[in-house]
Amino acid sequence: KRYYPYGTLASKVLGFTGADNQGILGLEVKYDEYLQGTNGKILTLTDARGIEIENAGESRLEPVNGYDLCLSLDYNIQMYCEQAAKKVCTKKSADSVSVIVMNPQNGELMAMVNYPEFDLNDPFTLVGDNGEAVSAEEKQNLLNKMWRNQCISDTYEPGSTFKPFTIAAALDENIISGKSTFQCNGVKKVADREIHCSNRNGHGMLDLRHALMESCNAALMDIGLGLGRNKFSKYNKLYGFGQRTGVDLPGETSGLIHTKEELNPVELATSSFGQTQTVTMVQMLSGFSSLINGGNYYQPHLVKEIQNSNGDVVKTIDPVVVKRTTSEDTSSKLRSYLKSTVEEGTAAPAQVKGYSIGGKTGTAEKRPVSAKKYLVSFIGCEPAEDPEVAYYVIIDEPHVKDQAHSTYATEFSSKVMKRVLPFLGQYASSSQIKQDAKQE
């Protein structure tokens, strides 16, 4: 019988088994053939009535234990992220809070949090169940929702966290450079539409660095239109959008991106700054990791080794570089811009004293837009100059007065990483603390 000693920890990642020890969810399903083992048997000879015949002897088939999975998940990081997610979810009365922490240099997932989690030892009891009678069908729907891993199965418009991808594509195509400038008047007419910038009064003249720092939609629309539908579509696919990452978990979805033919001027403009296309969290962080690590797109994964009951390694799962997405030069520029975005731009609340953080905020309006419901996020890395940690946080529908505010995500991110980074062997540097003090 399965027993999960950590209860709710990583519940939607680990999954659970049914009464017959058949995997039902998560890694229990994905690696079921390795985990199950083989039951033992005792074969005896009986007569027609089923009575054992004396001295007929018996043959035994000894049971074989299932294999063990050695994961890249870090207990301390996962636990702290879950605790922090619970705290902010309760404080902001959010629908859910999700966090992924990844090693951008090899694709290993160190934490994957979907709060609220559920008890793996009691997976058929609804979280927050108030005892009201529901039909069997309703309960199953609620259970499926409770078990759902939002990090791989839920799609959403990414908002401004998508902007680094558009900029990277244009840099690699030599459509723009670090010296390019953009004029923002607060609104841009595209075909028959007026599309507003986040700053309705306009940012004025911006160079590329400040376009990302200030999260200027007008600048990104210019960049997207400069790329054109063919190149934008090509890079969309290159970065992994509209397709599964291949993460070793069941239930991954692919999201929806525009086809090349659908990228008319309005769709091209809005897509350039993260609207009208949908993605998953694991897609975003995998693609982002390739942008900041020099261009290597690693397949995200959780299992590092498979061991037998004696602890012997029977299978090693090495990091897989799927493709190249960007150049070293573009990656270097982006890391610098992302650092400036945290130090001086819209992501300033994501700073962690003593650390060099890079990243980008996102605020996405959920459909239908008339409902005025938002998803706020932050995607980041540390150290910004040569990232060893990449992370992504999403707060879904914080029920507060000013819901469309990415500060909730950046402040949450700062608190989480302040505790997480030391577990990863990353410690605050005295030089960075002095630099932070000067900026203050």
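Me: How many disulfides does the count come to?

Reply: The count comes to zero disulfides. Please bear in mind that this is a predicted model.

Me: Changing topic to α7: how many of its residues are buried?

Reply: Helix α7, residues 163-172, has nine of its ten residues buried, so the rest of the structure largely encloses it. The buried ones run through Lys163, Pro164, Phe165, Thr166, Ile167, Ala168, Ala169, Ala170 and Leu171.

Me: What covers them?

Reply: The cover includes the helices α8 (208-213), α9 (217-238), α10 (265-272), α11 and α12, together with the strand β14 (358-365). Just past the end of α7, Asn174 has a positive phi of about 60°.

Me: You mentioned α11 and α12. At what angle do their axes cross?

Reply: The axes of α11 (residues 281-292) and α12 (residues 328-343) cross at roughly 105° and come within 7 Å. The two helices are therefore roughly perpendicular. On the α11 side the contact is made by Phe288, Leu291 and Ile292, and on the α12 side by Ser331, Leu334, Arg335 and Leu338.

Me: Now α4. What span does it reach?

Reply: Helix α4 covers residues 75-92, which is 18 residues, and reaches 26 Å from its first C-alpha to its last, close to the expected 26 Å.

Me: Which residues of α4 are buried, and what do they pack against?

Reply: The buried residues of α4 are Ile77, Gln78, Tyr80, Cys81, Glu82, Ala84, Ala85, Val88, Cys89 and Lys92. They pack against the strands β4 (96-102), β5 (109-115) and β16 (389-396), and against helix α13 (407-423).

Me: What is found at the start of α4, and what follows the helix?

Reply: At the start, a side-chain oxygen of Asp74 comes to within 2.9 Å of the backbone nitrogen of Asn76. After the helix comes Ser93, with a positive phi near 50°.

Methods. Residues numbered from 1 in each chain as written. Predicted model: local features only at pLDDT ≥ 70, side-chain atom pairs only at ≥ 80, totals over all residues. Heavy atoms only, no water. Helix = DSSP H or I, 4+ residues; strand = E, 2+ residues; numbered from the N terminus. Expected span 1.5 Å × (residues − 1). Buried < 20%, exposed > 50% of the residue type's maximum accessible area, 1.4 Å probe, protein only. Contact = heavy atoms within 4.5 Å. Polar contact = N/O pair within 3.5 Å; in protein donor to acceptor, adjacent residues only side chain to side chain. Disulfide = S-S within 2.5 Å. Axes fitted to C-alpha atoms, helices over the stretch in contact; angles between N-to-C directions. Parallel < 35°, antiparallel > 145°, perpendicular 65-115°, else oblique.
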